[in-house]
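Work through these exercises with the structure open. Try each task before reading its solution.

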Amino acid sequence: MKMAWGGLTIFLLALSALSAAAVRAQAPGPEQEQSFPTRIAYDTFTADPAPLVVGDTLYVYVGHDEAGEGEMFNMNDWLVYSTTDMRHWTAHGPVMHVADFKWAKKDAWASQVIEKDGRYWLYAAVEHDDTHPGKAIGVAVSDSPTGPFRDAKGAALITNEMTPRGTHSWEDIDPTVFIDTDGSSWIAWGNRQCYIAKLVPDMTGIDGPITEITPPHFEEGPWLHRRGETYYLTYASLDRRTQSDEHISYATAPSIRGPWTYRGLLTGAGRNSFTIHPGIVEFRGHWYLFAHDAGLRIGGRKGALGRRSVRVFPLEYNADGTMQPIDQSDYPGPMIARKENE
Ligand code: FUB
């Protein structure tokens with residue numbers, strides 16, 4: 001009898017381990033997150049992630065945070081990391097330096113790379129020189145996802161004067177680029193105001209009007225993607241009445257031309273960070289959200305506003321196409337996203 005109980009106990013334990021594994025496989029959550037590193041780099045401060053899948057490789061383009069004590073941002077080049085298994089990340093180093101845009105003064109801020117007809121197009125926010133004061137967006141091109149990228153236009157694609165209704169000089173930042181099923185290419189961007197425009201087929205000009213599509217609490221960092229028939233506009237949001245750090249919110253639409261419907265929060269704030277900046281991708285049948293926080297310490301250098309670190313989270317959708325709030329339970333403090341979406 002004793003033996004039988006022992007055998008039954010072992011059997012039940014094995015069964016429960018098996019079903020726990022099955023649940024984990026079907027419903028990725030914090031357990032799955034722990035099965036791969038939550039950060040793409042542990043020796044470099046990275047920010048503003050922009051994922052891109054090329055064949056069986058996932059590339060993530062990032063800004064390079066080098067701020068010293070008391071400095072806000074110090075960003076001079078764009079880096080790229082790659083993985084084929086979500087576990088091992090390869091650093092390919094800088095793909096471009098802000099000085100490669102001859103008309104730019106400084107500030108290698110958020111970028112995104114997209115592939116079109118076998119070439120790779122990098123769109124990035126920088127500070128324009130005094131001929132067009134304020135932030136601007138440049139476009140660069142390469143034959144390889146790991147660069148090097150060269151200025152594709154010799155001038156800014158978008159300058160502050162092109163959005164005259166904007167309220168401040170740094171509203172033209174954070175480009176996200178999207179190619180629709182009909183082959184048309186689109187760029188959205190903004191800070192406080194969110195804009196969208198069509199790109200010309202050669203990717204180096206704006207085709208037609210610039211339309212403002214600012215969703216609720218929009219702060220910056222828009223990211224366009226499509227899943228099935230639904231278009232998603234995900235962005236860093238800030239409800240200034242109740243929040244002191246950016247969260248991630250999103251809107252959906254039946255077409256890239258809208259209309260956009262606000263869907264609420266996807267995350268709470270990133271650890272120790274005012275900014276958060278989303279990037280979303282499907283890779284090998286799973287969806288992922290990339291975002292940054294300032295929760296990484298490298299040696300004696302602590303995370304800060306200008307020393308951020310890109311993280312990755314599993315992303316799940318509900319049957320109606322809405323995205324499930326991201327589990328940030330390893331973060332201190334309340335899970336704001338889950339609470340507000342309940
Ligand atoms: O990294 C510089 C700026 O901070 C980005 O352009 C914004 O999205 C915010 O992350």
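This is a predicted model.

**Exercise 1. Asp107**

Task: Decide whether Asp107 is buried or exposed, and find what stands out in its backbone.

Solution: 
- Step 1. The relative accessible area of Asp107 is 12%. Buried means under 20%, so Asp107 is buried.
- Step 2. Now place Asp107. It lies in the loop between β5 (104-106) and β6 (111-116).
- Step 3. Look at the backbone. Asp107 is not a glycine, yet its phi is positive, at about 70 degrees.

**Exercise 2. Asp117**

Task: Is it buried or exposed?

Solution: 
- Step 1. Asp117 has a relative accessibility of 70%. Exposed means over 50%, so Asp117 counts as exposed.
- Step 2. Asp117 is found in the loop between β6 and β7 (119-128).
- Step 3. Phi is positive here too: about 50 degrees for Asp117, although it is not a glycine.

**Exercise 3. Two cis peptide bonds**

Task: Inspect the bond from Gly147 to Pro148 and the bond that joins Gly258 and Pro259.

Solution: 
- Step 1. Between Gly147 and Pro148 the peptide bond is cis, and omega is near 0 degrees.

**Exercise 4. Strand β15**

Task: Take Ser237 and Tyr235, both in strand β15. How far is Ser237 from His217 in space, and how far is Tyr235 from Leu224?

Solution: 
- Step 1. Strand β15 covers residues 230-237, and Ser237 is in it. Tyr235 lies in this strand as well.
- Step 2. Check burial against the cut-off of under 20%. Ser237 has a relative accessible area of 1%, so it is buried. Tyr235 is at 0%, so it is buried too.
- Step 3. Compare sequence with space. Ser237 and His217 are 20 residues apart in sequence, but their C-alpha atoms are 5.0 Å apart.
- Step 4. Tyr235 and Leu224 are 11 residues apart in sequence, and 8.9 Å apart from C-alpha to C-alpha.

**Exercise 5. Ser273**

Task: Locate Ser273. Which backbone oxygen does its side chain reach?

Solution: 
- Step 1. Ser273 is part of the loop between β17 (261-267) and β18 (279-283).
- Step 2. Its relative accessible area is 1%, so Ser273 is buried.
- Step 3. From Ser273, the side chain reaches the backbone oxygen of Thr275 at 2.6 Å. Thr275 is also one of the residues that surround the ligand.

**Exercise 6. The ligand**

Task: Describe the surroundings of the ligand. Which pocket holds it?

Solution: 
- Step 1. The ligand sits in the second largest pocket.
- Step 2. Residues around the ligand include Asp48, Phe73, Met75, Trp109, Glu220 and His292.
- Step 3. Sort the shell by type. It holds 5 nonpolar, 3 polar and 4 charged residues.
- Step 4. A polar side-chain atom of Asp174 is 2.5 Å from a ligand oxygen atom. For His277, a side-chain N or O atom lies 2.8 Å from an oxygen atom of the ligand. Arg308 places a polar side-chain atom 2.8 Å from an oxygen atom of the ligand.
- Step 5. Finish with the cover. On its own, the ligand has 270 Å² of accessible area, and the protein covers 98% of it.

How values were computed
Residues numbered from 1 in each chain as written. Predicted model: local features only at pLDDT ≥ 70, side-chain atom pairs only at ≥ 80, totals over all residues. Heavy atoms only, no water. Near = heavy atom within 4 Å. Polar contact = N/O pair within 3.5 Å; in protein donor to acceptor, adjacent residues only side chain to side chain. Areas by Shrake-Rupley, 256 points an atom, 1.4 Å probe, with all protein chains shown as cover. 1 Å grid on protein atoms, 1.4 Å probe; cavity = no way out; pocket = protein on both sides within 12 Å on 5 of 7 lines; lining within 4 Å. Sits in = over half its atoms within 2 Å of the grid points. Nonpolar A, V, L, I, M, F, W, Y, C, P; charged D, E, K, R; others polar. Helix = DSSP H or I, 4+ residues; strand = E, 2+ residues; numbered from the N terminus. Buried < 20%, exposed > 50% of the residue type's maximum accessible area, 1.4 Å probe, protein only.
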